[in-house]
Amino acid sequence: MNTTLNIGLAGLGTVGGGLVRLLSENAEEIRARSGCDFNLKAVAVRNPNRKRDLPEGVRLTTDPMTLADDPDIDVVIELMGGIEPAHTYIKEALQANKNVVTANKDLIAVHGGELLDLAEEHHCDLQFEASVAG
């Protein structure tokens, strides 16, 4: 039995675009290894008018806070970079009981302890391995 995890992605630059491509190209292998299907439900971007190669049905928004507010999103992935608004966004997601993945080195260096405490308080995971393994 497979589980489906709905993903909300904040940031569709080089790293975010690569993630979308890898999720699409490697869907069968990811499913076989994890037992999960990953459904990209929504993406927060700065410019919604720019042409993008996204799977059909993915909702675009300019407000990453809507990802934290969406009850259908299980995991939020922050790939915006910088400390703000990423810090505020991740706090909102954790407070909404969402698991969070980030590759944001600056943010983890400055606010990592606070965010880990918040994740523990809300019984969520904060995965930041991508921010320290580069």
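## A tour from Pro85 onward

Select Pro85, which sits in the loop between β4 and α4. (Helices, H or I with at least four residues, and strands, E with at least two, are DSSP runs numbered from the N terminus.) The peptide bond from Glu84 to Pro85 is cis, with omega near 10°.

This is a predicted model: local features need pLDDT of at least 70, side-chain atom pairs count only at pLDDT 80 or more, and totals for chains, interfaces and linings use all residues. Residues are numbered from 1 along each chain as its sequence is written, and side-chain values use heavy atoms, leaving out hydrogens and water.

**Next, helix α4.** Select residues 86-95. Ala86, His87, Tyr89, Ile90, Ala93 and Leu94 are buried here. (Buried means under 20% relative accessible area, exposed over 50%, partly exposed in between, with a 1.4 Å probe and protein chains only.) These residues lie on the same side of α4, because they cover an arc of only 165° around the axis. The arc is that of the directions from the helix axis to the C-beta atoms. Now show what covers them: β1 (3-10), α3 (65-69) and α5 (105-121) are among the elements. Contact here means heavy atoms within 4.5 Å.

**Two loop residues.** Move to Asn97, in the loop between α4 and β5. Its phi is positive, near 65°, in a residue other than glycine. Asn97 is partly exposed, at 49% relative accessible area. Then select His123, in the loop between α5 and β6. Phi of His123 is also positive, near 55°. His123 counts as exposed, at 74% relative accessibility.

**Strand β3.** Pick Thr61, within residues 59-61. Is Thr61 buried or exposed? It is buried, with a relative accessible area of 13%. Its side chain reaches the backbone nitrogen of Asp63 at 3.1 Å. Leaving aside residues up to four places away in sequence, Thr61 touches Val43, Ala44, Val45, Thr66 and Leu67.

**Last, the largest pocket.** Select Gly11, Leu12, Ala44, Val45 and Arg46, which lie nearest its centre among 16 lining residues. (On a 1 Å grid over the protein atoms alone, a pocket is an open set of points where a 1.4 Å probe fits, with protein on both sides within 12 Å along at least five of seven lines; lining residues have an atom within 4 Å of a point.) The largest pocket holds about 320 Å³ of space. A volume is the space filled by probe spheres set on the points, which are joined across faces, edges and corners.

Note on methods
Polar contact = N/O pair within 3.5 Å; in protein donor to acceptor, adjacent residues only side chain to side chain.
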